[in-house]
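Please read them with the model open.

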Amino acid sequence: KNVQKFTMASILARSARSLASRPVVPRRMMSGHSPEAAFADMNQWVNISAGMGGLCVIVAGWVAYFESQHAAHHAAHPPAEEPRSWKKIRSKPFPWKCSDCDLFDLNSECMIACKAK
């Protein structure tokens, strides 16, 4: 049997020789830049995202304020009730007892008047 005995010094010497004989090949950067540039880009997008989030909060607050003022305006001055003749277009009577009333308007004036007859 040909068994070689290696000491720690011989292993280190052999690995040092193999490392010294290899040419240094630069690593390919798949993303196109160094880790420092990637970190700087990441920080830039974190700041942009935080700024846009703040802008969204400001705009949402502005819209909420003006919408609340709009609702208060309508509460103080309700719009006049307009006749909605387009809601009661009948080409033929409905096929139930109260033929001029809608089926699911159970508590409407029309249904109450029809049932009172």
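1. A disulfide is a pair of cysteine sulfur atoms within 2.5 Å. By that rule, a search of the whole structure finds two disulfides. Counting bonded cysteines along the chain, their pattern is 1-4, 2-3.

2. This is a predicted model, in which local features need pLDDT of at least 70, side-chain atom pairs count only at pLDDT 80 or more, and totals for chains, interfaces and linings use all residues. Residues are numbered from 1 along each chain as its sequence is written, and side-chain values use heavy atoms, with hydrogens and water left out.

3. Cysteine 98 and cysteine 114 are bonded, with sulfur atoms 2.1 Å apart. The pair links distant parts of the chain, 16 residues apart: cysteine 98 is in the loop between α2 (35-76) and α3 (109-116), and cysteine 114 is in helix α3 (helices are DSSP runs of H or I, at least four residues, numbered from the N terminus). The link is left-handed, with -100° about the S-S bond.

4. The other disulfide joins cysteine 101 to cysteine 110, S to S 1.9 Å. Its torsion about the S-S bond is about -85°, so this disulfide is left-handed.

5. Which bonded cysteines are buried (under 20% relative accessible area, with exposed over 50% and partly exposed in between, 1.4 Å probe, protein chains only)? Cysteine 101 is buried because its relative accessibility is 3%. Cysteine 98 at 5% and cysteine 114 at 18% are buried too. Cysteine 110, at 26%, counts as partly exposed.

6. Cys101 and Cys110 are among the residues that line the largest pocket, as are Lys87 and Asp100.

Notes. On a 1 Å grid over the protein atoms alone, a cavity is a set of points where a 1.4 Å probe fits but cannot get out, and a pocket is an open set with protein on both sides within 12 Å along at least five of seven lines; lining residues have an atom within 4 Å of a point. Helices (H or I, at least four residues) and strands (E, at least two) are DSSP runs, numbered from the N terminus.
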